[in-house]
Amino acid sequence: MIVHTFRKEIKELWRDGRVRIAFIIVLFLTAIAVFISTNHYKNVNEQYVEASANEREVWDNQGEKNPHSAAHYGTYAFKPKYPLSLIDQGVDKYTGTSIFLEAHNRNEAQFIAASDQTGLARFGDLTPDFILLFIIPLLLILIAYNSITKEKENGTLTLLNSQGAVGWKIVFGKWMAIFFPVCILLSALFLITGLLLSNLPDFGVFSWASLFTLLVTYLIYYAIFINLILIISASVSKSGIALVLSLSVWILVCLVLPKAASNLAEYKYPYPTRQEFSENIAQDKKQGLDGHNPWSKAAKELEEQTLKKYGVDSLSQLPFNYDGYRMQKGEEHEAEIYFKHYNYLKTQYSNQNGIYQKLAAISPYLPVRFLSMAIAKTDYNTHWDFSDAAENYRIETQKFLNDHFAEASTYGEWGFKADADFWKQLPKFNYEPPSLSKIIQTNTSSIIIMLVWLVGSFTLLFFTTKSL
Amino acid sequence: MLRYNFKYEWLLLIRNRWIQLLSILLLLLFGFAVYNGIQKVEARQNSIEAAVTELKTQETATLSVLDSLENGHKVSVSRWRLPSRPVVIGNSLARVVNMPAKSTAFIATGQSDLFTHYVKPTVTGDDLSMSYTEMTSPVQLLFGSFDLAFVIIYLLPLLIIAFSFNVLAAERESGTLKLLASQPIRIRTWVLQKLGLRFFWLILCISVTLLLVFVIFSFDFTANWTSLLVLIGYIIVYALFWFVLAFATNIWIRSSAKNAIALIGFWVLFVLLSPSILNQLSNSLYPMPSRTLMLNQMRTLKAEATKKQDKILDSYLRDHPEYAINDSTQTRNFYHKYMATQNLVKEELRPVVEKFETQLENQHQWAHTFSWLSPALTVQNALNDLAGTSEKDYQEFRSQSLEFAQQWRDFFLPFMFNNQKFAKSDYKNLPAFAYTYKEDATHLRILGLLGISFMIMLLVFLLKPMKQKISIV
């Protein structure tokens, strides 16, 4: 029975003009989206390579200089783009791409792409993720809204029943007939994308496993949607009503709830404004050790401690330049302050995340949205990871410079200059993004919620259609 | 006939519980949206106020130190933080250059979650390092905000579609169309009357619920009644457009399901697709130069400038002989070199920065030219303008604040180069900033949308082949 229904439905769909047109439109849109994203990806990558190389050259060739002047001069860490961002741009548009690494300060990532665009950008971009998350579910509604109501309206359901067909078997056949075309189409699209990406020169970061996980995520998303549509179609008697109801669910799940969630999250766990944030840090810094201020209370304490530790009675007797040493201690203290304040931001965000997760109980869009970005390495967590890595590199750089200052010069020698080739010894900034297994680990809750949705909707579908 | 129709429609809508359902739904949606909007505006105003209060306390403290200094008392401030140094005042007492919210700001979030509402330009800071983006979770920016504009632009059309997609087809599907055809009225006129009545009831529901929500959230009606009228006007025009579209599909398409599909298709096209396609096109046609490469340029320029600091200062002083003349001490320190270099770098970077501005302006122009293609865009822009949260408003804030930053620096430059001390009496001369909203919004686009609605209507009535073809079977 399942096979018969499947065959009949597939044939019917194939012959239906609106389905064909809809498919063609979606394919056309996807092609444009992929084309635009590929260009964007290539551009950004070229800029990234060029900017990183330039910046390193500027650093290497700064000539003879005091190490601490070089620390103030600073350097930049640029955020790379990853191949799967071609499929899901995630929050990339709203996070900065470059972080200035200098002495005493941890800086936020600069240059948010959205702030360099018109207000149109807030409506969204025509990218593959837009089509995958919004348009294909809509297409599914279009295909499936009347698959059970039409049997009721035409009276064929009675005929089917009289032949001894069981409700859930008919529905399962129909389910397969809707899912299969989408599954094949999507797999083909992902395969093409995979081949395209693996042929790019910087193939190293692309992984088929990630692409496959992404594909499975979307297939589960569509399965959930098909279940919801069929449940509605089985519960009402008119096609028109089924369509309007399915669409309402789509709007609620994909548009209304995410926005409502974002408002709730902001209301309950607000971020400080940029100015407040920097003011708070400045307050904390004032009270502690400042590498540039040898007269503060904290500086005096450090002085005494150091003298005691090395058993000498004046700073010039120390085996290193105390100025560099104090500079480093100040740096470490400031890094702690930043760590504390950034941790506060992270806590706020993880609390916000909790709200998104709670609302995911009524919107399967949310867990899929988060998972998809995470796998594509365009989510907020990846941005945090990058920003932390840049901060670690900054701390290491400061240590590298201050240590050299302390070791190679004597106390009070502020005119000291490091050799022109000294700068080349600083290791390059190399950012390794989290691996797929790590990503899956951090997103377990999203995966569980998504699977609960899948199983739950299947069960509900089974019980609503057991006896049609 | 209109009288019968009116009465019947009223009874139908009431007994179907349509009116009741709609009112409750609208009340909930408007209520939640306005609540969210007001929360955001309050947070914005509070942060500005906090910054101003903070500045005031700092000012009092600084002024008292200055007072003691001038009276020859001893102060416990390290030498380079003495407020008699102009550079200290220029950096530590930086004004809170802010953009207060309009009273209508809660209507549309617009770009207000992306950009900051106050900056504190310092005398040694440079324009490029001033950050205008707000510290918001990017996830929030991605999802957007549930504001009144969202309800109006995204959800209202869907309510209208649900309200009107099967007006004619339902009659046909339930077999009552034949009865109707026997009445002395043309089907088209009948559909028009019926939809017109629904339009009337919907607008009434919207106005009443909106007013109720505004009353609940204590909106200041006396001061802002024009904005309220404009808002309702926008809603009427936008709703009319969707009703006209529903009228056309009702006449042209026979089955109710297909009607719904067609209307949803229009919705997807106007609300989701055309804005994103326009955005992509504007980005591709007027691509932004790379910010990362701009950084490179800036760094190289700064590095070069630092190497020739002394020369730069010399030529700067040649250009500004007043500084060389007025200063009796003729001492030059780090900050003199710094300020002169800063000026030079700014001048040299100007073409690079301008390229960003012109490209953004081009994108904006392009988007503006084609925004009439999507009624959703037209209304979004109009609402953002009304709320004072459009990208233009933030651009305006940027340029006004940068102007002020220059004014602030210019105020301190003579002090610094003349090696003149900052006195308590100079305090009252400090430049002050007040943001003024630029009011150049026109209703032309909205009127254009009204025109489009009439054109669609006209088409439905004029297209000959359709004239008698509304089949009743």
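This is a predicted model: local features need pLDDT of at least 70, side-chain atom pairs count only at pLDDT 80 or more; totals for chains, interfaces and linings use all residues.
A residue counts as buried here if 20 or more other C-beta atoms lie within 10 Å of its own, and as exposed if 12 or fewer do.

In helix 17 of chain B, the buried residues are Arg445(B), Ile446(B), Leu449(B) and Ser453(B). Seen down the helix axis, these buried residues fall within an arc of 115 degrees, so they line one face of helix 17 of chain B. What does the buried side of helix 17 of chain B pack against? Its buried residues pack against helix 9 (221-252) and helix 15 (375-387) of chain B. The face turned away from the buried side carries exposed residues, namely Leu444(B), Leu447(B), Gly451(B), Phe454(B), Met455(B), Leu458(B), Phe461(B) and Leu462(B). The length of the helix can be checked too. Helix 17 of chain B covers residues 444-462, and at 1.5 Å a residue its 19 residues should span 27 Å; the end C-alpha atoms are 26 Å apart, which agrees.

Helix 10 (residues 274-287) and helix 12 (residues 322-359) of chain A pack at an angle of about 140 degrees, and their axes are 10 Å apart. Helix 10 of chain A passes helix 12 of chain A in a right-handed crossing. To this contact helix 10 of chain A gives Phe277(A), Asn280(A), Ile281(A), Asp284(A) and Lys285(A), while helix 12 of chain A gives Glu334(A), Ile337(A), Tyr338(A) and His341(A). By class, four of the residues in the contact are nonpolar, two are polar and three are charged.

The two chains also touch each other. In total, 67 residues of chain B are in contact with 63 residues of chain A. Several helices of chain B give two or more residues to this side, among them helix 2 (18-70), helix 5 (148-164) and helix 14 (334-370). The largest share, 15 residues, comes from helix 10 of chain B. The side of chain B that touches chain A divides into 33 nonpolar, 29 polar and five charged residues.

One residue shows the meeting of the chains in detail. Ser137(B) sits in the loop between strand 2 (118-119) and helix 4 of chain B. Is Ser137(B) buried or exposed? Ser137(B) is buried, because 24 other C-beta atoms lie within 10 Å. Ser137(B) touches Tyr271(A), Tyr349(A), Gln352(A) and Tyr380(A), leaving aside residues up to four places away in sequence.

Conventions:
Residues are numbered from 1 along each chain as its sequence is written. Chains are lettered from A and ligands numbered from 1 in the order in which they are written. Two residues are in contact if their C-beta atoms, placed from the backbone, lie within 7 Å. Helices (H or I, at least four residues) and strands (E, at least two) are DSSP runs, numbered from the N terminus. Ala, Val, Leu, Ile, Met, Phe, Trp, Tyr, Cys and Pro count as nonpolar, Asp, Glu, Lys and Arg as charged, and the others, Gly among them, as polar. The expected span of a helix is 1.5 Å times one less than its number of residues. The arc is that of the directions from the helix axis to the C-beta atoms. Axes are lines fitted to C-alpha atoms, for helices over the stretch in contact, and angles run from 0 to 180 degrees between N-to-C directions. A crossing is left-handed if the near helix is turned anticlockwise from the far one by less than a right angle, and right-handed if clockwise.
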